[in-house]
Amino acid sequence: MLVYICGMNYKDAVLYYNEKTGDYTWNFFDGVFGMFTPAYTVSNEILNSAMKLLKPEEKSVLTVAGSGDQAFFLKIYGASHVDTFDISYCAKVMMDVKTAAVQNLQCDEYKKFLDSIGPAVVNIPGLPEYKKISSGLSDETKDFLDVMRGRKFRYDSCYNFNLPTVKQYKKLQDSINKPFNFIWSDVMNVAGALTRKYDQIYLSNIFQYNCDVDKTVKLMTDLLPVLNDGGKIMFYVTPWLQDEELCVLGKVEEKLNKFIKIHYARGFMQHHVVVKKL
């Protein structure tokens, strides 16, 4: 059984009780979308296209932690402030590891490092680049990486189209000097954990997993108060669910027509939904 405990670090969050031995051990994979679901090494979104549609320059933005690439590309495209959230603690760790790598490695070293950590089970502290980046990691992240030696906390994935160019990498290095703020929460509850307002909220493809009229109305109703006037929420729709998703969004717009306006933006291979606060 899982024992969920309200605490300040990942070890307090989830424990597994072994009834045979009477001991508690750490549980690291608790479902498709759980507190320790593996993270992508590199995002499979087409982020250059998404950022051109979002236009985050000089904007404050809340986004998913994901693989860290969402926050990275927001900074590359000029966002003035970026906060992140995710249901999975593994997403935070992946984002923090990559942030430290950007701060301490040259572009070619960074890409080589991502190739090295791409396989799902790799001892990151044992890699030669780790000595260069470890100074940029918190003690909690280092501890997590030590505990996860030989365990899966990321997917075997590396989508090269989301690796920054040399020019983008330099801009990224110049724009981040500390780890991104992280809120450990699922999307349906994140609004209650926020302490500031944002100009934009980028939700990746989260809507795909909450494709329900009532859930979406609640989500939008909760997020609108933390969105500045004229602000927008953006996410992308998936080709195999597009008709269903657009039908749901049409009904959501009918229910919230006094507060939001929804329009659709075609991106490269992925279509995005923009929800504008009236």
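Start by selecting Tyr89, Phe144 and Trp184: these residues form one aromatic cluster. Keep in mind that you are looking at a predicted model.

**Stop 1: the aromatic pairs**

How many aromatic pairs are there by the rule used here? The count is five. Two of them are on this tour.

Select Phe72 and Phe180. This aromatic pair is tilted, with 6.2 Å from centre to centre and 40° between the planes. Phe72 sits in helix α3 (residues 69-76), while Phe180 sits in the loop between α8 (166-175) and β6 (181-184), so the pair ties together parts that are 108 residues apart in sequence. Is Phe72 buried or exposed? Phe72 is buried, at 2% relative accessible area. Phe180 also counts as buried, with a relative accessibility of 10%.

Now go back to two members of the cluster, Tyr89 and Trp184. Their ring centres are 5.0 Å apart and their planes meet at 50°, so this pair is tilted. Tyr89 belongs to helix α4 (residues 89-104) and Trp184 to strand β6; the pair links distant parts of the chain, 95 residues apart. Colour by accessibility here. Tyr89 is buried, with a relative accessible area of 2%. Trp184 counts as partly exposed, at 27% relative accessibility.

**Stop 2: a charge over a ring**

Select Arg196 and Tyr198. Which residue lies over the face of Tyr198? Arg196 does, at 5.3 Å from the ring centre.

**Stop 3: positive phi in the loops**

Select Lys55, in the loop between α2 (47-54) and β4 (60-64). Lys55 is not a glycine, yet its phi is positive, at about 55°. Lys55 counts as exposed, with 58% relative accessibility.

Move on to Ser204, in the loop between β7 (198-202) and α9 (213-223). Ser204 is another residue other than glycine with a positive phi, near 55°. Is Ser204 buried or exposed? Ser204 is buried, at 6% relative accessible area.

**Stop 4: the cysteines**

Select Cys107. It counts as buried, at 10% relative accessibility. Then select Cys247, which is partly exposed, with a relative accessible area of 42%. How many disulfides does the rule give? The count comes to zero. The rule asks for a pair of cysteine sulfur atoms within 2.5 Å.

How values were computed
Residues are numbered from 1 along each chain as its sequence is written. This is a predicted model: local features need pLDDT of at least 70, side-chain atom pairs count only at pLDDT 80 or more; totals for chains, interfaces and linings use all residues. Side-chain values use heavy atoms; hydrogens and water are left out. Buried means under 20% relative accessible area, exposed over 50%, partly exposed in between (1.4 Å probe, protein chains only). Helices (H or I, at least four residues) and strands (E, at least two) are DSSP runs, numbered from the N terminus. Rings of Phe, Tyr and Trp (its six-membered ring) pair if their centres lie within 6.5 Å; planes under 30 degrees apart count as stacked, over 60 as edge-to-face and the rest as tilted. A charge sits over a ring if NZ of Lys or CZ of Arg is within 6 Å of the ring centre and within 35 degrees of the ring normal.
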